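Take a walk through this fold, one part at a time. Keep the sequence and the 3D view side by side.

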Amino acid sequence: MATVLRSLQDRLADPSIPWKTVLLASIGAKEVFEAYIGSRQRPYLSPILHPTLPSALKPYLTASDAHDTYRKSQAYARHKLDYDSVLTIVDLCETIVFLSAVAAPVWTALGLPGGQGPHWTLLRGFWDLAGQLPFAGGGHSEIRQSSALVVLLTVIGTVMSIPKEYYRNFVLEEKHGFNKMTRGLLVSLALEVPLIAGLIKIIHWAGQDAILRMVAWLIAFIFCIQIAMIFVYPYVIMPLFNKFTPLPTDSPVYPRVKDLAEKLSFPLGKVWVIDGSIRSSHSNAFFFGLPGLQKHIVLYDTLLEKSKPEEVEAILAHELGHWKGMHVVYLLAVALTQVAVSFATYALFLENGSLLSAFGFPPTPSHPVHFTKEKLGRAHASTGPTIVALLLAMMLFSPLSSFLQFMTNSITRHLEYDADAFATKLGPSYATNLKTALVTIHEKNLAVYGVDHVYSAYNHNHPTLVERLEALDAQLELDRKKET
Ligand SMILES: [Zn+2]
């Protein structure tokens, strides 16, 4: 296996491969494919092609204004789809500028370092600029310069996203404000920088030519981070963005939560309510807590406002289905598999001088030299900054990440159906209440419209309303047949 990987690695370093063209073609192919998937959804949002409610929704949306809500939902979804298409084009242009010399005259005019050379790219410019940042170690430490590059790219990315987010948040979705965005930037920097530094350290230490060993260590590293996040996310990060208040014990929902937890032997700790500032049709309730200890239930205030107590209970039954089925373990396994496949692929390119040269990083003696591989019997000079090789490999394999995303979506969707099936098994009233609760939430969010199954499977990690209703009905039918 290792020899096969090594020979593949060498073959890919062939200087005659036109990497710039290959990379742009790869990104372009992914965009074309996604545009095709998006085009499959469009007819469902057209009031001419789909003038009436999908049949799965008809029994639930019977009010006189139901048709109006349907029309508004279609228009809203169409608006979002159009906006996403515009963003895709903008992002594609940004990528082209980032990976080419288009910006060179501006760069030079601003008096920034570099800006010349036959293969200069903006990426190269940012790398050189990162080396001059005060905390970059004067370009003598690859890890510090890489961390500086991550900071630089994240800050630039956030600034560039302000107009896009502004439109999405205030025109399209009335979401959260900019103070949360700043906090979001700081949190992502606090997480990203140590993550990237750790990754590079491991890659240098484990040896880029020993791909399997390197991937094994990377998986171990990511696994530790994921376990740490189980502690950090609900206790540290979420409270930065949402306000937690205890559910009043005299709320009509409280005894239902307690009884359901007791019935299922769920180790109930506290019950919290959080402000549901983010408009989302599927984050309505969740639980958190460490394995073997008490677990806490969190309900969104929007769920409590919109739903009857018995409907909240049905939604909670779905959440506890995730707990009973130990879905967290599956999700962890899926995430690690994704990391393993991605890094095993990226690792093939980490020392690819031909790829690096095509984007302005020709091999020079000025690159920090790693002697860490002496233990393997040979000293080895790095071909270029690992972070840049990683970044290019990631872009080169963006179709791979789309495919992996499709695979993980199909697993998370399966877990959702599984949790719904769990709720229906608690009794027919749970199924009915779950269905009405789902319809009410989606109706309020203007998300009642039909969906193309391929589009949904590719884009959504949760099944859409129509898909869930259809699956719930099928499940009920199956249970009924079993009984008779
Ligand atoms: Zn769920």
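How do the axes of helix α12 and helix α15 come together, and at what angle do they cross? The model is predicted, so local features need pLDDT of at least 70, side-chain atom pairs count only at pLDDT 80 or more, and totals for chains, interfaces and linings use all residues. Residues are numbered from 1 along each chain as its sequence is written.

Now the helix pair. The axes of α12 (residues 327-347) and α15 (residues 398-425) come within 11 Å and cross at roughly 170 degrees. That makes α12 roughly antiparallel to α15 (the term covers angles over 145 degrees). Axes are lines fitted to C-alpha atoms, for helices over the stretch in contact, and angles run from 0 to 180 degrees between N-to-C directions. Helices are DSSP runs (H or I, at least four residues), numbered from the N terminus. On the α12 side, the contact uses H327, Y330, V334, Q338, V341, S342 and T345. L400, S401, L404, T408, I411 and L415 answer from α15. Residues are in contact if their C-beta atoms, placed from the backbone, lie within 7 Å. By type, this contact has 7 nonpolar, 6 polar and no charged residues. Here Ala, Val, Leu, Ile, Met, Phe, Trp, Tyr, Cys and Pro count as nonpolar, Asp, Glu, Lys and Arg as charged, and the others, Gly among them, as polar.

Next, the domains. The assignment gives domain 1 (1-61 + 307-318 + 346-362 + 384-483) and domain 2 (244-306). Such bounds come from an automatic or database domain assignment. The domain centres, taken over C-alpha atoms, are 27 Å apart. Domain 1 puts 14 residues into the contact, and domain 2 puts in 15. On the domain 1 side, α11 (309-324) and α16 (428-444) each supply at least two residues. The largest share, 6 residues, comes from α11.

Now look inside. The largest nonpolar core has 48 residues; A285, I297, L299, I315, L316, A423 and L434 touch the most other members. A nonpolar core is a set of buried Ala, Val, Leu, Ile, Met, Phe, Trp, Tyr and Cys residues joined through C-beta atoms within 7 Å. Buried means 20 or more other C-beta atoms within 10 Å of a residue's own, with C-beta atoms placed from the backbone. Domain 1 and domain 2 each give this core at least three residues. Beyond four places in sequence, L299 contacts L247, V273, A285, L304 and V312.

Finish with α14 (residues 386-396). This helix is mostly covered, with 9 of its 11 residues buried.

Technical notes: Parallel < 35°, antiparallel > 145°, perpendicular 65-115°, else oblique. Contact = placed C-beta atoms within 7 Å. Buried ≥ 20, exposed ≤ 12 C-beta atoms within 10 Å, placed from the backbone.
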